[in-house]
Amino acid sequence: KILVQAIKDAGGRPFVTDSSGAVPTAKDRGYTEEVIGAPIVPVAGINEKYFVTVPIGYKTLKEVELAGEIVSADAMVVFSHGKGHGNSGWGGAIKNIGMGNVTGNSRREIHYLAETVFEWNPELCAHCNMCVDNCPTQAIKFDDSGKLTLFTHNCRYCMHCVTACPGHAIKISEDGTRQFQEGMAHVNKACLDTFEPGRVLYINHMLNITPLCDCWGFSTLALVPDIGILAGTDIVSVEQASIDSIKVEDFIPIPLPSPLAYHPEIEGHLLKKIHNKDPYLQVAECARLGLGEREYEIVEVC
């Protein structure tokens, strides 16, 4: 509401947008036009038929369906909650654009980039059904013989089954992690190229930084003390600074949601020690694509 009012005070006519499936239930989470002061619209129309197809040409991601409400906007504020992410270690502005500014079909294709190796080890499987219970599209199940099967038509490659498995019986190769993050970076470029220079602002909320993406529908205690809010017009530097601000030495040893665990033997960033995925891959690829600079200077604003 504060952000919406600030945009109005600056002469803008803001709206808030989310996926077509999320908007009808936004009121259940407290998001209404009366509360926030702006209309809430489905990003690609009610039936996800309002989009622009743009070529990508990255591995299996040949093209992307950019949401119509995004590409037709005059400007965009990417207001993100910084947190961990099961596919990429980190979820911030790059993830929000890559996942939120496209149709469901394109989200599925982007997630498909992570499926270079999808393995099920029956010897590690306890048949506890955690993977089945945590699949949002009922794409995974055990057949009558006890074998895990995947219905690719329904699978959106969110990898919830991988994270939910307490026996680590389902695995995805690290090549998939890199390709997923690089694919999101390519989608970011396609989306941001539709805006004139200086028309996009990035605000990362580095408060209550939790280990998993908000799409899981529950929260946990924070991994580190609250850091603040980082903002700027360079997506690369804002994301770099945000990830840099989450430090291993600030880790609060909280109980992590099963089956996540803190692995001190893994080198690198705190989120890599938890997810074993390098959170900087998406930032490096966005920089390579010319979306910004990884060097930054922080100016504190009281």
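Predicted model: local features only at pLDDT ≥ 70, side-chain atom pairs only at ≥ 80, totals over all residues.

Q: Which parts of the chain does the pair of Arg107 and Glu48 link?

A: Side chains of opposite charge can pair when their charged atoms come close. Here the pair links distant parts of the chain, with Arg107 in helix α5 (residues 104–112) and Glu48 in the loop between β2 (40–42) and β3 (51–58), 59 residues apart.

Q: How many salt bridges does the structure hold?

A: There are six salt bridges in the structure, among them one in which the side chains of Lys83 and Asp214 meet at 3.8 Å, N to O. Lys83 belongs to strand β6 (residues 83–85) and Asp214 to the loop between β12 (200–206) and β13 (228–232), so this pair ties together parts that are 131 residues apart in sequence.

Q: Is Lys83 buried or exposed?

A: Buried means under 20% relative accessible area, and Lys83 counts as buried because its relative accessibility is 2%, whereas Asp214 is partly exposed, with a relative accessible area of 41%.

Q: Which residue does Asp193 meet in a salt bridge?

A: The side chain of Asp193 meets that of Lys189 at 3.2 Å, N to O, and Lys189 counts as partly exposed at 29% relative accessibility.

Technical notes
Residues numbered from 1 in each chain as written. Heavy atoms only, no water. Salt bridge = Lys/Arg side-chain N within 4 Å of Asp/Glu carboxyl O. Helix = DSSP H or I, 4+ residues; strand = E, 2+ residues; numbered from the N terminus. Buried < 20%, exposed > 50% of the residue type's maximum accessible area, 1.4 Å probe, protein only.
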